Amino acid sequence: MSDTFSFWWANLPQMLGGLVVSLELTGLALVIGMPFGLLLAIGMGSRLAPLRWLCIGVVEVGRGVPALVMLYVVYFGLPAIHWSPTAMVCAVIALAFTTGGYTGEYIRGGLVSVGEGTREAGLALAMPTADVLRFVVVPQGMRVAIPSLMGLAIQIFQATSLAYSITVSELTAQAYSISSSSFRALEIFGLAGIIYTIITIPATWVANRVERRLSLRE
């Protein structure tokens, strides 16, 4: 056991370097994907049929295509159109698209939950339709969607482990690299699992607490 701890300690800096990359990838995917999802959610409620169906199609693709497949599509597809970004950029694009698909559906559900009477009240106050959406419907809909979005953020963090498949040097990639040179795969992937757990369990607790507090305010 002491040998395992020594092995972990010796490789911890490299593993933490991979964790930083995982967190950066998660943050970028969420910062890009969630606003994108908000736009998709609004578009799905549009009265313009072409826009509505376009947004629905994007959401269904984002939700329906596995994140690993999306990573490969972006990584191998972009060079086919004469653009060859780094693996990190490809991972951000792919995970942001996946994030946008799920975010769009979650926020759409939140927007739908806002009663028609609330919208009519805003219009009765002579508020423009855009202002009713901006100041009344979206804030209330987002409040409903927050717990789901927090859960999605945790899932995207876990999904960053797939980025090793396109050579992004995140946590799983570092574990794979160490295991290849040390032939101690069980131990190093055990450490990776512990690090992922240290991040995800507190984040899950926070998400559950926020959900409970929002439920009490309803």
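**Working through the chain**

Reply: Start with burial: of the 218 residues in the protein chain, 38% are buried. Keep in mind that this is a predicted model.

Me: OK. How many helices and strands are there in the protein chain?
Reply: There are eight helices and zero strands. Read from the N terminus, the order is α-α-α-α-α-α-α-α.

Me: Let's look at helix pairs. At what angle do H3 and H4 cross?
Reply: Roughly 135°. H3 covers residues 67-77 and H4 covers residues 87-113. Their axes come within 9 Å.

Me: What do we call that arrangement? Why are H3 and H4 oblique and not roughly antiparallel?
Reply: Roughly antiparallel needs an angle over 145 degrees, and 65 to 115 would be roughly perpendicular. The angle here is roughly 135°, so H3 and H4 are oblique to each other. Their crossing is right-handed.

Me: Which residues meet there, in H3 and in H4?
Reply: H3 brings Ala 67, Met 70, Leu 71, Val 74 and Tyr 75. Among those they meet in H4 are Cys 90, Ile 93, Leu 95, Phe 97 and Thr 98. By class, this contact has twelve nonpolar residues, one polar and no charged ones.

Me: Now H1 and H4. How do their axes cross?
Reply: At roughly 40°, and the axes come within 5 Å. H1 runs over residues 2-44. Angles under 35 degrees would count as roughly parallel, so H1 and H4 are oblique to each other. This crossing is right-handed.

Me: What classes of residue make up the contact of H1 with H4?
Reply: It divides into 21 nonpolar, six polar and three charged residues.

Me: Switching topic. Where is Thr 160?
Reply: Thr 160 is in the loop between helix H6 (129-159) and helix H7 (171-182).

Me: Is Thr 160 buried or exposed?
Reply: Buried, because its relative accessibility is 0%. The cut-off for buried is under 20%.

Me: What is Thr 160 in contact with, leaving aside neighbours within four places in sequence?
Reply: Ser 22, Leu 25, Thr 26, Leu 95 and Glu 170.

Definitions and conventions:
Residues are numbered from 1 along each chain as its sequence is written. This is a predicted model: local features need pLDDT of at least 70, side-chain atom pairs count only at pLDDT 80 or more; totals for chains, interfaces and linings use all residues. Side-chain values use heavy atoms; hydrogens and water are left out. Helices (H or I, at least four residues) and strands (E, at least two) are DSSP runs, numbered from the N terminus. Buried means under 20% relative accessible area, exposed over 50%, partly exposed in between (1.4 Å probe, protein chains only). Axes are lines fitted to C-alpha atoms, for helices over the stretch in contact, and angles run from 0 to 180 degrees between N-to-C directions. A crossing is left-handed if the near helix is turned anticlockwise from the far one by less than a right angle, and right-handed if clockwise. Contact means heavy atoms within 4.5 Å. Ala, Val, Leu, Ile, Met, Phe, Trp, Tyr, Cys and Pro count as nonpolar, Asp, Glu, Lys and Arg as charged, and the others, Gly among them, as polar.
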